[in-house]
Amino acid sequence: MKKKPMIMTVLFGLMLFSHALIAQRPLTEKSASERAAAQTQRMKTSLRLDSAQTARIAVINLRYAQRMDPVMQGNGSRLSKFKAARTMQKEKEVELKQVLTKEQFEQFKEQQQAMKDEFKERRKS
């Protein structure tokens, strides 16, 4: 009888641990819809999007995540992938600018710059 609570505890611990491993999958292993949903959620929180904005942003994020899949999984050079991603990002920003307020868009650009700076710092070390 005492084994049942112990087994349940172990199974629960394994379930929590496996969820943590799944959450740490690299971007290349996540589907376009997973990446888009995560990005939309981050934007909703950090930019304080209303429900109408969130819906429109979700559509934009999904469209560009789907367009990015062939680039990420392609055989092109790192430089060609980077150029393609940058081109798509500029196109996406044009669409986002139509949905976000001026203040939200400025905040979005600041957040992007902060992420770029952080990435550069990680590459140095």
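The following legends describe close-up views of a predicted model. Local features are reported at pLDDT of at least 70 and side-chain atom pairs at pLDDT 80 or more, while totals for chains, interfaces and linings use all residues. Residues are numbered from 1 along each chain as its sequence is written, and side-chain values use heavy atoms, with hydrogens and water left out.

View 1. A nonpolar core is a set of buried Ala, Val, Leu, Ile, Met, Phe, Trp, Tyr and Cys residues joined through side-chain atoms within 4.5 Å. Buried means under 20% relative accessible area, exposed over 50%, and partly exposed in between, with a 1.4 Å probe and protein chains only. The largest such core has 14 residues, and those with the most contacts inside it are M43, L47, L49, I57, L96, L100 and F108. Helices are DSSP runs (H or I, at least four residues), numbered from the N terminus. In soluble globular proteins, nonpolar side chains tend to be buried together.

**View 2. The surroundings of F108.** F108 counts as buried because its relative accessibility is 6%. Not counting residues up to four places away in sequence, F108 touches M43, L47, Q89, E93, L96 and L100; contact here means heavy atoms within 4.5 Å.

**View 3. F105 and F108 form a tilted aromatic pair.** Rings of Phe, Tyr and Trp (its six-membered ring) pair if their centres lie within 6.5 Å; planes under 30 degrees apart count as stacked, over 60 as edge-to-face and the rest as tilted. This rule gives a count of one aromatic pair. The ring centres of F105 and F108 are 6.1 Å apart, with 35° between the planes. Both residues lie in helix 5 (residues 102-124), three residues apart, about one turn of the helix. F105 is buried, since its relative accessibility is 12%.

**View 4. A salt bridge joins R35 and D69.** A salt bridge is a side-chain nitrogen of Lys or Arg within 4 Å of a carboxyl oxygen of Asp or Glu. The whole structure holds six salt bridges. Between R35 and D69, the closest N and O atoms are 2.6 Å apart. This pair links distant parts of the chain, with R35 in helix 2 and D69 in helix 3, 34 residues apart. R35 counts as buried, as its relative accessibility is 11%.

View 5. R63 pairs with E95, the closest N and O atoms being 2.2 Å apart. R63 is partly exposed at 34% relative accessible area, and E95 is partly exposed at 21% relative accessibility. E91 forms a salt bridge with R67, where the closest N and O atoms are 2.9 Å apart. Side chains of opposite charge can pair when their charged atoms come close.

**View 6. R48 has a positive phi.** The phi of R48 is about 55°, although R48 is not a glycine. R48 lies in the loop between helix 2 (32-47) and helix 3 (51-73). With a relative accessible area of 68%, R48 is exposed.

Methods. Helix = DSSP H or I, 4+ residues; strand = E, 2+ residues; numbered from the N terminus.
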